[in-house]
Amino acid sequence: MKLVIWREHHIKEKSFMIILALVIGVVCGFAAQILKFLIHHIAALLTAHMQTTTANWLYLVYPVVGILIVTFFLRFVVKENISHGVTKVLYAISRRKSRLKKRNMYASLVASSITIGFGGSVGAEGPIVFTGAAIGSNIGQAFRLSPRVLMILVGCGAAAGIAGIFRAPIAGMLFTLEVLMIDLTGMTVMPLLVASVAGAVVAYVLEGYNAEFFFAQTETFATNQILFTIALGAVCGLMSLYFTKVMFMMESFFGKLHHIWLKILVGGAIMALLIFLFPPLYGEGYGAINNLLIGDVSKVVDGTFFYVDRDNVWFLILFITAIAMTKAFATSATNGAGGVGGTFAPSLFVGALTGFLFAYIVNNLDLGLELSQKNFALLGMAGVMSGVMHAPLMAIFLTAEMTGGYDLFLPLLIVSALAFMTIKLFLPYSIYTMRLAKAGDLVTHEKDKAVLTLLKVNNLIETDFMEVHPEMNLKEMVDTISVCNRNLFPVTDSEGNLKGVVLLDEIRNIMFRADLYKKMHVSRFMSTVPDVIEVTYPMDKVMEIFDKTKAWNLPVVDNGKYVGFVSKSKIFNSYRRVLRHFTED
């Protein structure tokens, strides 16, 4: 490709990466706007005639219809499971050299707009992250860039997607650093920032400069509310734990349902029934969040059987509690049935309800203190998101950027930090990383482990070892030693299976005893290996085996057949070389 060759000769990699980050940011910004447009117009078309003073039976139908459409789309068009988008991006970074398929650039966009527009109780942010990451990956692949650069461009796409959908450039960059866990270096920060700003600019141009949620702080935060803020942080941490546990419990439940139609039947029934009883669970739930942020709590009861009880304090407490507790079930049922969506919006939704409910209960206990319910709803959004995502900085800036609530920065810090600390006592991983951590496929933002994922066993195998066989006598062994500059000899059978090794130091005392040349055979003096490395093992597992065995060289096998050896010294040399390249400024 002439353009690729011209670029390699005329544009330095760093400069080219900034250019690509800008392009990716603009493209992902438009992708985010398309997704929001589709969701909004599908939902508006379906719900425009809904009644607010009574229950709407179509809530039992729309979500299931959406799931059926998405199921056919994925089975016959995409032909791939694209749920858990953020987890798939993490896996691509960890195990696929940051390579994502071309169809991932549009598949999540279409599937999630249908899922959410028809009422699926999920968010659009996970799909836009997957879409943005795929755009970044494929643009990088088109220019044949290295996995190290592809990883940064994947992060640029994800950051721009978040920035574009929320109009939150700082949060977009922090998402990539905290959730995707791409290491913060001079090489990464500028492309991420450029992509995030570009994505947000597209959103501002097309949507205006208003915040995503309408929030006007009419009640100041007083120092006598700090203790309640601390308490809210702990409550949000526990609610995050509950949300995450329910999500994984339901994911495990749907994993046991092997027939696709059974999943649709069970998931669709759970989702439709919950949405029918609690209409705020329909779609992303941003309408309910806006109602809480402007202080109009009674609208949460619109479109339900319970409309007549909208002014009853204790009924509202029970109703909002029920919505907060069932959101995780509705979200997991949507994904379990075959829908496509993320957990960003659900965590914001649950957080707003939790914060509002906390202040609402305190205010009705006659403690002589009036908490701002909308302020605490905003704080709850940051708290639950911080806990669920294990990303306190992103939660703080995302909430502030989405609402314009910068005046509440101190309580945002308190709630987010305490929620994160609380859930970390119980869960070491976020809702996204837990699946990969269990499978050993997680790349972390510890630089050494991140760099290890860029090393592959295939590239480190040394094959200049001379093989010997069990039936060879000592004379033949000595002849082999005389023409080899290694002191280690793999022992293989006639089919190439590894049987052991011969160490030169262990036979030095008999090497020159001519009387044993015909009597002694390799099978007598060979040693067993402390462990073997399969050619498919990830590098972190290889290092675990080296640490466990205390060996300096270990044989590599492919289904038992000898391939070569890997030495610790070569791993260290390669690690240092990749680390320098990885952190190059």
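Colleague: Is Phe-143 buried or exposed, and at what relative accessibility?

Modeller: Buried means under 20% relative accessible area, exposed over 50%, and partly exposed in between, with a 1.4 Å probe and protein chains only. At 16% relative accessibility, Phe-143 counts as buried. This is a predicted model, in which local features need pLDDT of at least 70, side-chain atom pairs count only at pLDDT 80 or more, and totals for chains, interfaces and linings use all residues. Residues are numbered from 1 along each chain as its sequence is written, and side-chain values use heavy atoms, with hydrogens and water left out.

Colleague: Which residue forms an aromatic pair with Phe-143, and how is an aromatic pair read?

Modeller: Rings of Phe, Tyr and Trp (its six-membered ring) pair if their centres lie within 6.5 Å; planes under 30 degrees apart count as stacked, over 60 as edge-to-face and the rest as tilted. The whole structure has 16 aromatic pairs. One of them joins Phe-143 to Phe-16, edge-to-face, at 4.9 Å centre to centre and 75° between the planes.

Colleague: What is the geometry of the pair formed by Phe-253 and Phe-254?

Modeller: That pair is edge-to-face, 5.3 Å centre to centre with 75° between the planes. Phe-253 is partly exposed at 36% relative accessibility, whereas Phe-254 is buried at 4%. Elsewhere, ring pairs link Phe-72, Phe-76 and Trp-261 into a cluster.

Colleague: Which residue forms a salt bridge with Arg-167?

Modeller: A salt bridge is a side-chain nitrogen of Lys or Arg within 4 Å of a carboxyl oxygen of Asp or Glu. The search finds 10 in the whole structure. Arg-167 is bridged to Glu-207, with the closest N and O atoms 3.8 Å apart. Glu-207 is in helix α9 (residues 186-207) and Arg-167 in the loop between α7 and α8 (169-178), 40 residues apart. Arg-167 is buried at 6%, while Glu-207 is partly exposed at 30%.

Colleague: Where does Arg-486 lie relative to Phe-465?

Modeller: A charge sits over a ring if NZ of Lys or CZ of Arg is within 6 Å of the ring centre and within 35 degrees of the ring normal. Arg-486 lies over the face of Phe-465, 4.2 Å from the ring centre. The side chain of Arg-486 also meets Glu-462 in a salt bridge, at 2.7 Å from N to O.

Colleague: How many bridges join strand β4 to β5?

Modeller: Two strands pair if DSSP finds at least two bridges between them. Here β4 (residues 553-558) and β5 run antiparallel and are joined by 6 bridges. Leu-554 has Val-566 as its bridge partner in β5.

Technical notes. Helix = DSSP H or I, 4+ residues; strand = E, 2+ residues; numbered from the N terminus.
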